[in-house]
Amino acid sequence: MAAPCSTTDTAEEQRHVVVPIPSPKKGEVLIRMEATSINQVDWNFQKGVARPVMPRKFPFVSGFDLAGEIVELGAGVSEFKSGDKVIAFNFPKGGGLAEYAVASASLTVARPPEVSAAQGACLPIAAVTALRSLQTAGITLDDPSDGAASPRKNLLVTAASGGVGHFAVQLGRLGGHRVTATCGARNLGLMRDKLGADEALDYGTPEGAALRSPSGRKYDAVVHCAAAAGVPWSVFRRALADAGGKVVDITPGFVAGVTAILQMATFSKKRLVPLLVTPTKEDMELVVGLVKQGRLAAVIDSSYPLSRAQEGWARSMSGHATGKVVVEMGGAE
């Protein structure tokens, strides 16, 4: 089986190797891969962020979001059968950038015909992280027309045109909340016209850098998807509502951790909340269901065949992708 792997921290040094087709162990399924998406965690592994703990052996085949067709079941797996179309999450083992991959059945969900492999491959990490971020910030997905919905809140999403951010904008609007999105100038129209943001800020302007809402509103919650060092806490503090609010940081570093501890110790009403997410089967079923219903969609920046996976890797690492970068097995050369 062919698979691209890496031994250095540059996309150019990725190389294709032939590795054995994996065999599913107890509780696992073997998937003939159709698509995977590239996430920040992929190239963080490549850069050695988790060494010496992970990866545990080389060559390491990355790709934690899996979409494809089950071809073999491990012992004890009864909820699937060969031929089922699925998506799965396989961290930290990865394996998605290959023709075949194994995944735990407990982190595998059915993929309905309405959800393409490319769309499905965008969901486990990015869409679920967006979902959990909103939940952590106290933002509900209740339908505001059902009479039991929670009060509308003012939500800010930074780096809203990225993999997690564009899902957070859509999910916030699904709950009927007022969403302000920050992004580059070229994506302002996407935010307002396609994803439904109420307001869009160009982060390259003074107003955008200050997270200043065009309507003057303060924020009850922030989903912070930009690089951890990109916005100082003092800017968030001024932007949050006087009554308090949470900034959920999905790329937390050491400073974010220290800040969060100090705020908890002082019972601050304005809080920074570092967030690390491990998707669950229930989370994945929820976001797959929303895509099936047409209520949520992955914006795909670009798609590459497996033979050109290093180009997709470089695109993801550039930080300029709008939405998700996908690698499709058998895609057009």
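Reader: How many helices and strands does the protein have?
Author: The model is predicted. Its accessible surface comes to about 14600 Å², of which 55% belongs to carbon and sulfur atoms. The secondary structure comes to 10 helices and 15 strands.

Reader: What percentage of the contacts with a separation of 6 or more is between residues 24 or more positions apart?
Author: Buried residues make up 53% of the 333 residues in the protein. Among contacts with a separation of 6 or more, the share from residues 24 or more positions apart is 69%.

Reader: Which strands stand at the edges of the open sheet of 6 strands?
Author: The sheet has the order 10-9-8-11-12-13, with parallel pairing. Two of its strands have a single partner strand each, so one side of each is left without a neighbour in the sheet: strand 10 (199-202) and strand 13 (270-274).

Reader: What is the average twist from one strand to the next in the sheet of order 10-9-8-11-12-13?
Author: The open sheet is made of 6 strands paired in parallel. From one strand to the next, the twist averages 15°.

Reader: Which residue is the bridge partner of L156 in strand 9?
Author: Strand 8 (residues 154-158) pairs with strand 9 (residues 178-183) in the parallel sense, over 4 bridges. Within strand 9, the partner of L156 is T180.

Reader: What angle does helix 4 make with strand 8?
Author: Strand 8 and strand 9 are parallel partners. Helix 4 packs on the sheet and touches strand 8, strand 9 and strand 11 (221-224). The angle between the directions of helix 4 and strand 8 is about 165°.

Reader: Where on the sheet does helix 8 pack, and what is its angle with strand 13?
Author: Helix 8 (residues 254-265) touches strand 12 (245-249) and strand 13. Its direction and that of strand 13 make an angle of about 135°.

Reader: Which residue in strand 10 is the bridge partner of T182?
Author: Strand 9 and strand 10 run parallel and are joined by 4 bridges. In strand 10, E199 and L201 point one way and A200 and D202 the other way, and all are buried. The bridge partner of T182 is L201.

Reader: How far apart are the end C-alpha atoms of helix 9?
Author: Helix 9 (residues 281-292) has 12 residues, and at 1.5 Å a residue it should span 16 Å. The distance between its end C-alpha atoms agrees with this: 16 Å.

Reader: Which residues of helix 9 are buried, and what covers them?
Author: An α-helix has 3.6 residues a turn, so residues three or four places apart point the same way. In helix 9 the buried residues are K281, D283, M284, V287, V288, L290 and V291. Their cover includes strand 5 (85-89), strand 7 (108-110), helix 2 (117-120), helix 3 (123-136) and helix 4 (165-174).

Reader: Which residue with a positive phi follows helix 9?
Author: The phi in question is near 80°. The residue is G294.

Reader: Is S213 buried or exposed, and which side chain does its own side chain contact?
Author: S213 is in the loop between helix 6 (206-209) and strand 11. Its relative accessibility is 6%, so S213 counts as buried. Leaving aside neighbours within four places in sequence, S213 is in contact with T180, E199 and Y219. Its side chain makes a polar contact, at 2.7 Å, with the side chain of E199.

Reader: Which backbone oxygen does the side chain of S37 reach?
Author: S37 lies in strand 3 (residues 28-38), and its relative accessible area of 1% makes it buried. Beyond four places in sequence, S37 touches residues including D42, C122 and K324. Its side chain makes a polar contact with that of D65 (2.8 Å). The backbone oxygen reached, also at 2.8 Å, belongs to A121.

Reader: Which backbone nitrogen does the side chain of D220 reach?
Author: D220 is in the loop between helix 6 and strand 11, and at 26% relative accessibility it counts as partly exposed. D220 and A241 are 21 residues apart in sequence, with their C-alpha atoms 5.6 Å apart. Residues touched by D220 include K153, G244 and K246. At 2.8 Å, its side chain reaches the backbone nitrogen of N154.

Terms used:
Residues numbered from 1 in each chain as written. Predicted model: local features only at pLDDT ≥ 70, side-chain atom pairs only at ≥ 80, totals over all residues. Heavy atoms only, no water. Expected span 1.5 Å × (residues − 1). Buried < 20%, exposed > 50% of the residue type's maximum accessible area, 1.4 Å probe, protein only. Contact = heavy atoms within 4.5 Å. Pairing = 2+ DSSP bridges. Axes fitted to C-alpha atoms, helices over the stretch in contact; angles between N-to-C directions. Polar contact = N/O pair within 3.5 Å; in protein donor to acceptor, adjacent residues only side chain to side chain. Areas by Shrake-Rupley, 256 points an atom, 1.4 Å probe, with all protein chains shown as cover.
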